[in-house]
Amino acid sequence: MTRVARLDTDVRYIKGVGEKRAALMAKLGIRTLGELVRHYPRAYEDRTVFMRVGELKPGDAACVRATVTAEPVLRHVRAGLDILTFTVADDSGAMGVVFFNQPFVKDSIAPGRAYTLYGKVAGTPRRPEMQNPVIEQGTAQGRGALTGAIVPVYALTAGISHNAMAGAVRQGLILCGDELPDALPKGVRERHGLAHARFSYENIHFPADFEALEIARRRLIFEELFTLSVSMKMMRDGRAARAGIAFDCADAEGFFSALPFVPTRAQRRAVAQAAEDMSSGRAMNRLVQGDVGSGKTVVAAACCYLAWRSGRQSAMMAPTELLAEQHYRSLTGIFGPMGVKTGLLTGGMRARSRRETLEMLARGDIDVIIGTHALIGQGVNFHSLALVITDEQHRFGVRQRSELTAKGECAHVLVMSATPIPRTLALMIYGDLDVSVVDEMPPGRERVDTFAVGERYRERIYEFVRKLTGQGRQVYIVCPAVDEPEEGGDALKAAADWARELAEDVFTDRRVALVHGKMKARAREAVMSQFREGGIDILVATTVIEVGVDVPNAALIIVENADRFGLSQLHQLRGRVGRGEHKSYCVLFEGAGGEAARERLRVMTQYSDGFKISEQDLALRGPGDFFGSRQHGLPDLKIASLVSDMDTLETAQGAARAVVEDDPGLERPENAALARSVSDMFARVSGDDGVLS
Ligand code: ADP
Ligand code: MG
């Protein structure tokens, strides 16, 4: 038989997969044979243990080979209940077999014939029984399709059974058997003692035994991490070791002296490191990492100042309009008096001011532009862009950073992030970036006292709100949703309703306002500036305020349904207070999350260090959630884990480095399959997600 199927052949090519089943499979991300054979089992059922009937005890799960002793009996008990019973026996004893509501099984059971059955043993030790077992004809000892084997358990969707999925995968493997390309170059595979592609795909689905399964897994995990590493390395090499515009000014004192406070040593150090990069003649690629509130904006602004002193433009990209607006405001406050011209570019702007801004930018009439991902849009042209900054980098895809950088020739790159990530992962995402750590808080910061409380504390908390606002402080109240409560119903505090209720019934003598991401930019900015100026006592908000928002007079943040938020997110939210001289507090209403939620929230009351919290988050939630692609802009991985497969990741990165250094364009024939896998992977690297509004 000639095999015409290829990896990109449509799944409908498989017998038994028509339009309907193909549509169901598409829901699982399976459209081609390649995607089908990479739909790895999520678990396995061990059906390799054979027992003699006489040895069976209730509770065992095992295979038995036995002969049907007499004609099966089918009883129609009532509508919706058919019971088929028969007995099987081997030379050690007899066992009852019962099938509920599967009358058709009767047709395939013949007295005197031997079958292999797999199931959980019920009944009594003297009279064991299996209910609805897996049954396969045959007497030969060993491996069948459903018994005597390690059987895959797949992620399914309604309408596709396990057997159908396993059958389709089996056919897929046969059809494109020799087509399965080996993305691992031979040399790499051999050096690391990894199995062939075909062996691995076959055994990850239908393992010959547990050892084969392990060998297959090891190879596929390596392959995935290797391909990812190669992708990231190639993406990085596109901009690494580039020449950079050498700034002639590396002295930020003029900027520091214009600040209303004294910069911390950590801020100075980060600026000095960046200044050295930017005057070196090579392009800067630097990550500034520092916990929420450590004052990263000052570092960024100092770099913009240096660009300006060197006669160049800089651009700063923030993940939300709110944050962009805030940066614009605070930088304008510092830069205005110095004569540095600032501009703002967001998606929510009016066409006219947008056009004006774009013109000024292209003419060089704006020195520092602050914006959202609107900055990487078409039609945004710079006069002399030499420095690109992304704030809260973890909110952007890897690709977005490169796109902004591409707007300038030889632009320096500074990325800022409050999310502490493990070193290997940082290497993967940020690659060749140098790292500055801002590990010191501005002076006078006290720990934010944090409480996780249930409903019965609500009145007391409200008293506290009255007291603080009476003293002139301001308060955030954060809700999980804007309006229509999602599933979960009434208990969810939807921001809009909640703001109304609080204003009308609870805090009647306080000024309550609402801000959320679905508001028009203008309205939102009006509320924020009112809040900033102290014209609002209580701001009810969605998570739009999560990143970056900076109002030092705010001394209390209350989070409703805190169980709905991740710990790192709560840490970010808590970072909205404790930014000034006032003692600050964070109250987390537990919501309906139960004991597990309470356990999680306890982490917040115990730790104030972002790194500790994310460690705990990782431990509690598991890697899947924590490193969802949103967090880092990497593609979802199908088999490898960026947490538990760390060691493999390091090895794979080493191998990737060697291969790409040797063949930078992956043009050699032995790297052809790898090149294809890499371009698939590129396509999956997140483009525009991670931007919240
Ligand atoms: P983040 O690192 O979270 O981005 P910000 O840059 O928003 O932090 O700074 C947090 C707050 O601390 C801001 O109000 C900022 O003005 C203030 N701040 C920054 N540096 C200092 C400093 N050296 N001394 C006092 N306050 C500072
Ligand atoms: Mg910030």
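In the predicted model, seven strands form an open sheet with the order 12-13-11-14-15-10-16, and their pairing is parallel. The edges of this sheet are strand 12 (342-345) and strand 16 (434-438), each of which pairs on one side only. From one strand to the next, the twist averages 20°. Strands of a sheet pair through backbone hydrogen bonds, in either a parallel or an antiparallel sense. Strand 10 (residues 285-290) pairs with strand 16 in the parallel sense, over five bridges. Within this pairing, G290 has V438 in strand 16 as its bridge partner.

Two of the helices that contact the strands are described here. Helix 8 (residues 265-278) lies across strand 10, strand 14 (385-390), strand 15 (412-417) and strand 16. The direction of helix 8 is at about 160° to strand 16. Helix 10 also packs on the sheet, where it touches strand 11 (313-317), strand 12 and strand 13 (368-371). The direction of helix 10 makes about 175° with that of strand 12.

Helix 10 is also packed against other helices. Two packed helices are described by the angle between their axes and by the distance between those axes. Helix 9 (residues 296-309) packs with helix 10 at an angle of about 55°, and the two axes are 11 Å apart. Helix 9 is therefore oblique to helix 10, and the crossing of the pair is right-handed. On the helix 9 side, the contact is made by T297, A301, C304 and Y305, which meet H327, L331 and F335 in helix 10. By class, these residues comprise five nonpolar and two polar, with no charged residue.

The packing of helix 10 (residues 321-335) with helix 16 (residues 521-532) is likewise described by an angle of about 55° and axes 11 Å apart. The two helices are therefore oblique to each other. Their crossing is right-handed. Helix 10 contributes E321, L322, E325, Q326 and R329 to this contact, and helix 16 contributes A521, R524, E525, M528, S529 and R532. The contact of helix 10 with helix 16 has six charged residues, together with three nonpolar and two polar ones.

Technical notes: Residues are numbered from 1 along each chain as its sequence is written. Chains are lettered from A and ligands numbered from 1 in the order in which they are written. This is a predicted model: local features need pLDDT of at least 70, side-chain atom pairs count only at pLDDT 80 or more; totals for chains, interfaces and linings use all residues. Side-chain values use heavy atoms; hydrogens and water are left out. Axes are lines fitted to C-alpha atoms, for helices over the stretch in contact, and angles run from 0 to 180 degrees between N-to-C directions. Helices (H or I, at least four residues) and strands (E, at least two) are DSSP runs, numbered from the N terminus. Angles under 35 degrees count as roughly parallel, over 145 as roughly antiparallel, 65 to 115 as roughly perpendicular and the rest as oblique. A crossing is left-handed if the near helix is turned anticlockwise from the far one by less than a right angle, and right-handed if clockwise. Contact means heavy atoms within 4.5 Å. Ala, Val, Leu, Ile, Met, Phe, Trp, Tyr, Cys and Pro count as nonpolar, Asp, Glu, Lys and Arg as charged, and the others, Gly among them, as polar. Two strands pair if DSSP finds at least two bridges between them.
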